[in-house]
Structures are given as structure tokens and as C-alpha cells.
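Please read this briefing alongside the sequence and the coordinates shown below. The points are grouped by topic, so that each group can be checked residue by residue in a viewer.

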Amino acid sequence: MAPASNLTITLPVLPGGWSAEKDFKAVGHLSGATQRSIEPIGPHFLAHARRSRHNRTFSEDDRIQAQENAKKIEDGDESDVSEPEDPMMLQLQAKDWKTQDHYKILGLSKYRFKATEEQIKKAHRKKVLKHHPDKKAAQGRAEDDQFFKCIQKATEVLLDPVKRRQYDSVDDEADVEPPTKKQLQKGDFYKLWSKVFKSEARFSKNHPVPTFGDSNSSKEHVEDFYNFWYNFDSWRTFEYLDEDVPDDNENRDQKRHVERKNANARKKKKAEDNARLRKLLDDCSAGDERIKRFRQEANAAKNKKKLEKEAAEKRAAEEAKAKKEAEEKAAREAEEKAKADREANKKAKEAAKNAVKKNKRVLKGSVKDANYFAGASASPAQIDAVLGDVELMQGKMDPDEIAALAGKLGGLTVADEIKAAWVGEAKRLVDAGKLKDGEVKSLQ
């Protein structure tokens, strides 16, 4: 460790004329002191504790830590990257690298596309330490280096972002097969399908990818999920399966032919993959009880609205019908009342007319009973004169006056009294201006 040294630094000189009283402005106030308990943590404290415990210097501790890290790398972390090797895998040939499982070669089958760059490098170091030709030769094992070349090729592919993306695009081992009918009958529908879509989500260009959810998911969540997947934008390509393009510059036609063939093959595989994903969605949605429930609820709401509309229309029709019937009834009653009134008026008029006729008969009968005011025997001329005056007076009188006169005459039997009643009525009519004085001679 380099020795520590003390440095003397001089503070800059304050500007001329500066003073704290006129140039210093406080922008706040310090808070009061607070007593707090602080616990030492972090890697630097742990390193300090380790050095203090083992009484090591900085250089000694750094050297020992480096040795322990190297030993960990050589031995490997069994809990992180550890996978038993298949004896048949050791027979792989380097020339067949395109058909090989690179993750399995490096012992990363359980990680696959999720494996980090650090895990790939660590797995590569473990495999190299175990299968390097020099180490095998030192152990007296005369084996070819084909599997070692496979390890190198797998590392080359998986550490190159472009090549790894191409390989992950066709890595069928990472796929999760859709659940069978038998599995769906025994297992959880949502958990089984969720695993499938989590696997497919690795190809999505858009993130975050909606989760499949469960039986309690809302309608909006389910609709967002299916809308996302029915419009899925996949980055998946199939260049890894391309036929090798010849590098012979002299045969350009053959090169272009292979390139067109590869492009058509990728296009076909892309269409097949889209159809496969569409079938997955159709099969999943067909058995999704949430969609059925949402449809039933929508139909129930639709039917409810329809029933409410029909009920409202029925009520409106009934109200219109009742109103029409009420109007018709009122019209009938009004017509019947008018008819009854007309008949009553007609009867009243007829009764009044009959009463007038009756009263007129009483009037005529009264002069007859008085012998036409002639004493012993009335001559025809005298009878005609009296009756003429009676008719004249009746013509000047209204029905009430006729009735009143008839009432007076009805109880009289003496001729002089009858005549007196007529004379009085004639005088009244003259006074009322209905008759002229001397117009009726026999009754004045």
C-alpha cells in the first residue's frame, strides 16, 4: 500500500471589499441535531470486517480473495450452472452444429433463452476445463476433440447477439406444448395456458406482454390479452435454418437461387408460425370460461335492455290505448249527454208547448164557460168576437203569462169573475205596451 501524504491547500483570497454583513445572504436555517443509530453495512464494511477478523493487510486479503474466486470458477457453482452430461452427447460431430442443442452442450438446458452472458461464459469455462484436449492428454485420455469443437461453436453462437437471436428463434426445446384435453380436465386451465403464452412471449417486439390472468380477471384484462395476441408482433425469424449460400463468386446465379430459396422458406415458416399461434389462441379462447361468462352477461344485459324496451313500448301502447279508450268513452258520454240534453230540451219544449196548448184551452174554455160574456144566449158574431180577442191576447202573451192567466181562471166559475180576470189581463197588456188601447173590445 502506498504511504499516505499530507497536502497543504491554500483557500482563495476573498474579493476586495467583501464583508459578511453586506454580501452574505442566508437562504435557510440549519435544523437541530438529531441522535441516530447507524449500522455499518455493504461490501466495503464486510471486507474491513474480514481483514480485521483474520488480521490481514489489504494486499493479503486481495490475493486470498482472488485465489478463492479462481477456485470457484474452476470447480464450478453446482447450484447455478450444473447439468449432467448425456454420454450420447459426447459423440456429437462439430460439422453438425446447426442441428445441435447449444444450450444443452453448455449445460444450460434449464435456462435456455433466459441464460445471461455471464452464465454462458461461466458454463463455457467449466466445459473447457473438463474437455480441453490438452487436459485430456495430460490425463492419458486419447479422445478426439469433436465435442470440444461443439462447445466452442455453441459458445460462439450464444455469445453473438445476432446469432443467438437466430438460434432462439428456432429453439423448439424452449416451447411449451399446449395442454391436452386430458390435462385440462385434471389441471388448472389458467395455469396450463399461462405457461404456454409465457413461452411464446419471448418472441414479442412489444413489452410488457399482458398476462393470461385467472378466473377472477376483469373483462378489460381479458380483452386486452386477446387483442394483444391476435395482433401479436413477433421478431421471430428463421435465418438459422437457411441453406448455406455458396461463396463462389463465379457462380452468382446459384448464389441468387439459394438466397431466393432461403427467403421463400423463411416466409413460409413465418406464415406457418402465425397460423400455429392463431390456432393456439382459437383453442384457448374456445375453452376460456371467462369469455363465455362475459358473453352471457352481455347477452343478459342486452336481453334486459330489450325486455325493458319491450316493456316500455308495451306500457306506452297500453297507456295510448287507455287514453284513446278514455277519450272515446268521454266522447260517447258527451254525445250521450248531449243527446239526453237534446231529448230533455225537446221534451221540455214539448211539455212547455203542451202546457201552452193546455193553458190556451183553459183560456178558451174559460170564455166558453162564461158563455162568451153574452148573458143568456151568445150569437155567432159575439162568439167569434170573443174568441178573436182571446187569440189576439194569447198572441201577445208569453207562455208564463198564459200560464199565470190560466192559473187565475182555473178556479173561477162565475162569468163576471172570469170576465174581470180577462179585463184585468187586457189592461195589464195595454199598460205593458203589448196591446193598444181598444184593440180588444169584448174583453175591455
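What follows is a set of notes on salt bridges, surface patches, selected residues and backbone geometry.

The model is predicted, and local features are taken up where pLDDT is at least 70.

- Side chains of opposite charge can pair when their charged atoms come close.
- Glu 85 and Lys 127 form a salt bridge in which the closest N and O atoms are 2.6 Å apart. Because Glu 85 lies in the loop between α3 (58–75) and α4 (102–105) while Lys 127 belongs to helix α5 (residues 117–131), the pair ties together parts that are 42 residues apart in sequence. Both partners, Glu 85 and Lys 127, are buried.
- Asp 175 forms a salt bridge with Arg 202, and here the closest N and O atoms are 2.6 Å apart. Asp 175 is placed in the loop between α8 (161–169) and α9 (181–186) and Arg 202 in the loop between α10 and α11, so this pair ties together parts that are 27 residues apart in sequence. Arg 202 counts as buried because its relative accessibility is 12%, under the 20% limit for that class.
- Lys 337 pairs with Asp 341 in a salt bridge whose closest N and O atoms are 3.3 Å apart. Both residues lie in helix α13 (residues 289–369), where they are four residues apart, or about one turn of the helix. Lys 337 counts as exposed at 53% relative accessibility, whereas Asp 341, at 35%, counts as partly exposed.
- Salt bridges with shared partners also join Asp 172, Glu 200, Arg 236, Asp 273 and Arg 276 into one network.

**Surface patches**

- Ala 201 is placed in the loop between α10 and α11 (219–230), and at 13% relative accessibility Ala 201 counts as buried. When neighbours within four places in sequence are left aside, Ala 201 is in contact with His 207, Val 209 and Trp 229. From C-alpha to C-alpha, Ala 201 and Ala 312 are 50 Å apart in space, and they are 111 residues apart in sequence.
- Asn 262 is found in helix α12 (residues 252–287), where Asn 262 is buried with a relative accessible area of 6%. With neighbours within four places in sequence again left aside, the contacts of Asn 262 are with Asp 242, Glu 243 and Val 245.

**Backbone geometry**

- Asn 55 has a positive phi of about 55° although it is not a glycine. Asn 55 is found in the loop between α2 and α3, and at 68% relative accessibility Asn 55 counts as exposed.
- Arg 112 likewise has a positive phi, of about 50°, although it is not a glycine. Arg 112 lies in the loop between α4 and α5, but at 7% relative accessibility Arg 112 counts as buried.

Note on methods: Residues numbered from 1 in each chain as written. Predicted model: local features only at pLDDT ≥ 70, side-chain atom pairs only at ≥ 80, totals over all residues. Heavy atoms only, no water. Helix = DSSP H or I, 4+ residues; strand = E, 2+ residues; numbered from the N terminus. Buried < 20%, exposed > 50% of the residue type's maximum accessible area, 1.4 Å probe, protein only. Contact = heavy atoms within 4.5 Å. Salt bridge = Lys/Arg side-chain N within 4 Å of Asp/Glu carboxyl O.
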